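I opened my notebook to see how this chain packs inside. Here are my entries, in the order I looked things up.

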Amino acid sequence: MAMKNRDNYIKLEFSSLPENVALARVLIASLVVQVDTTITDLEEVKVAVSEAVSNAIIHGYQNEPNNIVNIEAKIVAGELEIVVEDSGIGIEDVEKAMTPTFSTHPDRMGLGFVFMKSFMDNVEVLSEIGKGTKVVLQKKLVNDGSCARVAT
Ligand SMILES: Nc1ncnc2c1ncn2[C@@H]1O[C@H](COP(=O)(O)OP(=O)(O)OP(=O)(O)O)[C@@H](O)[C@H]1O
Ligand SMILES: [Mg+2]
C-alpha cells in the first residue's frame, strides 16, 4: 500500500483525440485517490477535467487530431491544482464564454465552465486569440469522514 497524502506532481502531453479525454480523467483520478478524500470530490474532479480537456480538443483545436494538449497536476498539502493547456484558437471573451449556456456551437449546452466552477473551488481561464487557452482548476481535497473512499 502506497503512502497516503504525500505531495505529488505529474505532467502529461497527449494528442487532441477525443478518446484521450477518458485517458486524462483516469490519470487525474489515479492521482486524486492517493489522497484521503471523498468519492464526491473524486467524481467532481473527474467531471471538471473532462470538461476542460474536451473544450481544448473540440473548441481549441476544432477537433483537429494532430495537436497537443498539456496537463500538469499537483497536490500540495491536500490542495489539488490542475492546469489544462492548448495552443489552439483561443477565446475572444472569456467572461462571455463562462456565462451559463453560452456556446459557440449551436448543438452544445454551454455548461462545461458551469460544471468546472461548481465542482472546483477556483477556476482561472487565461486565453489569447490565436495562441491558446490555459484553464487552472483548484480544489482542496478533504476527508470529512462522511464518505468512505474506494479505488477508481
Ligand atoms: N479551450 C478552448 N479554446 C477555445 N474556445 C473555448 C475553449 N474552451 C471553451 N471555449 C469557448 O467557450 C465556450 C463555452 O464553453 P463550455 O464548455 O462552457 O460550453 P460548450 O463546450 O460550448 O458546451 P458543453 O461543454 O456544455 O458541451 C465554448 O462554446 C467555446 O466557444
Ligand atoms: Mg465544453
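Entry 1: I began with Val-53 and listed its contacts (heavy atoms within 4.5 Å). Leaving out residues up to four places away in sequence, Val-53 touches Phe-14, Val-21, Ala-24, Ile-71 and Val-84.

**Ground rules.** This is a predicted model, in which local features need pLDDT of at least 70 and side-chain atom pairs count only at pLDDT 80 or more, while totals for chains, interfaces and linings use all residues. Residues are numbered from 1 along each chain as its sequence is written, and side-chain values use heavy atoms, without hydrogens and water.

Entry 2: Buried means under 20% relative accessible area, exposed over 50% and partly exposed in between, with a 1.4 Å probe and protein chains only. The core has 36 residues, and Val-45, Val-53, Ile-71, Ile-82 and Leu-137 touch the most other members. Helix 2 gives the largest share, 8 residues; helices (H or I) are DSSP runs of at least four residues and strands (E) of at least two, numbered from the N terminus.

**Entry 3: an aromatic pair.** I searched the whole structure and found 1 aromatic pair. Rings of Phe, Tyr and Trp (its six-membered ring) pair if their centres lie within 6.5 Å, and planes under 30 degrees apart count as stacked, over 60 as edge-to-face and the rest as tilted. Phe-115 and Phe-119 are stacked, 5.9 Å centre to centre with 20° between the planes. Phe-115 is partly exposed at 33% relative accessible area, and Phe-119 is partly exposed at 22%.

Definitions and conventions
Chains lettered and ligands numbered in written order. Core = buried A, V, L, I, M, F, W, Y, C linked by side-chain atoms within 4.5 Å.
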